[in-house]
Amino acid sequence: MLSVAPSQNNRNRVQIELDSGEVFELPRTLAARHGLLKDGAEATPQQLRRICQEEGRFAREKAMDYLARAGHTTMEVRRYLHRLGVGEEAGQAAIKRMLELKYLDDAAYSRRRSELDREAGKSVRATRQKLLQRGVDRETIRLAVPEDPEGEAAIARELAKQLSRRYAALPEQEASRKVAMSLARRGFTWDTIRRVMDTTGFDLGEDI
């Protein structure tokens, strides 16, 4: 008879103890796949060792499935595997393999994210902040998402024109401030916003 309890370090892992006192730890999903969570389940030490050896393959398969659905950063994959109950050693090995196969590449991911964000009218600062939150290091971000004041101003200028139509019914200064705040929420600096507003005829007044 097996004694099964949640792992103290990860609620998605289980500790399986045999009558002999020998303890094994597995992702809950992998344990369930082998029927180890059922009432009255039994297994020999040899069977449990063999199942434990499957954790590395389990981690690689899950990482590949996750990356096949959408691009992700290294940290996102690490967090995903942790949520699945994958242990640190198996998780790190899976990530190493994904890097070797070029399925994981934070620099390439950052460049793609930058291109998509530019097309969506987002600022360099907003893109960089998003990548930081997803675990990309600052140097990778700096190289992948370079400063581009002229390009940034062009994006902001086009957005300002689009937003001006939305607020066309408002008094001029109120509409201008709403456009400016919308640009600020997209991560554009106030220097860029003032420059764009000045060259497109908006009136921000003196208190912004």
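K102 sits in the loop between α5 and α6. Helices (H or I, at least four residues) and strands (E, at least two) are DSSP runs, numbered from the N terminus. K102 is exposed, with a relative accessible area of 65%. Here buried means under 20% relative accessible area, exposed over 50%, and partly exposed in between (1.4 Å probe, protein chains only). The phi of K102 is near 70 degrees, a positive value in a residue other than glycine.

The model is predicted: local features need pLDDT of at least 70, side-chain atom pairs count only at pLDDT 80 or more, and totals for chains, interfaces and linings use all residues. Residues are numbered from 1 along each chain as its sequence is written, and side-chain values use heavy atoms, with hydrogens and water left out.

**Helix α3 and its partners**

Helix α3 covers residues 55–69, and helix α4 covers residues 74–83. Helix α5 spans residues 88–100. Axes are lines fitted to C-alpha atoms, for helices over the stretch in contact, and angles run from 0 to 180 degrees between N-to-C directions.

| Helices | Angle | Axis separation |
|---|---|---|
| α3 and α5 | about 50 degrees | 9 Å |
| α3 and α4 | roughly 125 degrees | within 10 Å |
| α6 and α7 | about 140 degrees | 10 Å |

The angle between α3 and α5 makes α3 oblique to α5. Angles under 35 degrees count as roughly parallel, over 145 as roughly antiparallel, 65 to 115 as roughly perpendicular and the rest as oblique. The crossing of α3 and α5 is right-handed. A crossing is left-handed if the near helix is turned anticlockwise from the far one by less than a right angle, and right-handed if clockwise.

Which residues of α3 meet α5? They are E55, G56, A59, R60, A63, M64 and L67. On the α5 side stand A90, A94, R97 and M98. Contact means heavy atoms within 4.5 Å.

M98 belongs to helix α5. M98 is buried, with a relative accessible area of 0%. Leaving aside neighbours within four places in sequence, M98 is in contact with R60, A63, M64, L67, Y103 and L104. The C-alpha atoms of M98 and M64 are separated by 7.5 Å, although the two residues are 34 residues apart along the chain.

Helices α3 and α4 are oblique to each other as well. α3 passes α4 in a right-handed crossing. From α3, the residues A59, K62, A63, Y66, L67 and R69 take part. They meet E76, V77, Y80, L81 and R83 in α4.

**The aromatic pair**

How many aromatic pairs does a search of the whole structure find? It finds one. The rings of Y66 and Y80 have their centres 3.9 Å apart and their planes at 5 degrees, so the pair is stacked. Rings of Phe, Tyr and Trp (its six-membered ring) pair if their centres lie within 6.5 Å; planes under 30 degrees apart count as stacked, over 60 as edge-to-face and the rest as tilted. The pair links distant parts of the chain, with Y66 in α3 and Y80 in α4, 14 residues apart. Y66 and Y80 are both buried.

**Helix α7**

Helix α7 runs over residues 124–133, and its V124, T127, R128, K130 and L131 are buried. Seen down the axis of α7, these buried residues fall within an arc of 160 degrees, so they line one face of the helix. The arc is that of the directions from the helix axis to the C-beta atoms. The cover over them includes α6 (106–119), α8 (138–144) and α9 (149–166).

α6 passes α7 in a right-handed crossing. Y109, S110, R113, S114 and D117 of α6 make the contact with T127, K130 and L131 of α7.

K130 is buried, with a relative accessible area of 18%. Not counting residues up to four places away in sequence, K130 touches R113, D117 and K122. Just after α7, G135 takes a positive phi of about 90 degrees.

**Near the start of the chain**

L2 lies in the segment before β1 (3–6). Is L2 buried or exposed? L2 is buried, with a relative accessible area of 13%. Leaving aside neighbours within four places in sequence, its contacts are I16, E17, L18, L36, A41, E42, A43 and L48. L2 and A43 are 41 residues apart along the chain, and their C-alpha atoms are separated by 7.4 Å.
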